[in-house]
Amino acid sequence: MAQEHEAGPGGPDRGSEAVLLVTGAVDMVLEQAEGALRRVRALLSRSDLGDLADDVRRDLVARGRNSGLDPARVMSSEPHLELLARRARTRAGRGVPGAATGARSAADRAPAAEPGHPV
């Protein structure tokens, strides 16, 4: 047996309310989509669309330049692990003790004393 939801005083039952909520949401979405389509249609009907696209391209290039990211520097940079390996090889070639094995001396492992604080 199906349970029926009784309506409150003068209000619709829960099933009807759920249907009304969904229909309201769908109506809102369709209204927004219709507005977006109108704006796209108006944009495409412009006679200066090519000029507008050039302006957008120039603006994006200017934003890229002002972003602080230099593509030449980013693309030519060496991967981090490769840089560390190269430094380790250089240290091992100079005869730095423990450079090849990664072992550290007791002086390297000891924490540095802060001024006024004994270790």
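**Salt bridges and a nonpolar surface patch**

A salt bridge links the side chains of arginine 63 and aspartate 59, at 3.5 Å from N to O. The term denotes a side-chain nitrogen of Lys or Arg within 4 Å of a carboxyl oxygen of Asp or Glu. The model is predicted: local features need pLDDT of at least 70, side-chain atom pairs count only at pLDDT 80 or more, and totals for chains, interfaces and linings use all residues. Residues are numbered from 1 along each chain as its sequence is written, and side-chain values use heavy atoms, with hydrogens and water left out.

Both arginine 63 and aspartate 59 belong to helix 2 (residues 49–66). They are four residues apart, about one turn of the helix. Helices (H or I, at least four residues) are DSSP runs, numbered from the N terminus. Arginine 63 is exposed, at 57% relative accessible area. Aspartate 59 is partly exposed, at 41%. Here buried means under 20% relative accessible area, exposed over 50%, and partly exposed in between (1.4 Å probe, protein chains only).

Across the whole structure, the search finds six salt bridges. Side chains of opposite charge can pair when their charged atoms come close. One of the six joins glutamate 34 to arginine 38. The closest N and O atoms of this pair are 3.7 Å apart. Glutamate 34 and arginine 38 lie in helix 1 (residues 14–44), again with a spacing of four residues, about one turn of the helix. Glutamate 34 is partly exposed, with 45% relative accessibility. Arginine 38 is also partly exposed, with 48%.

A further salt bridge connects arginine 89 and glutamate 82, at 3.9 Å from N to O. Salt bridges with shared partners join Glu82, Arg86 and Arg89 into one network.

Helix 1 gives the most to the nonpolar patch, with three residues. Leucine 49 lies in helix 2. Leucine 49 is partly exposed, with a relative accessible area of 31%.

Note on methods:
Helices (H or I, at least four residues) and strands (E, at least two) are DSSP runs, numbered from the N terminus.
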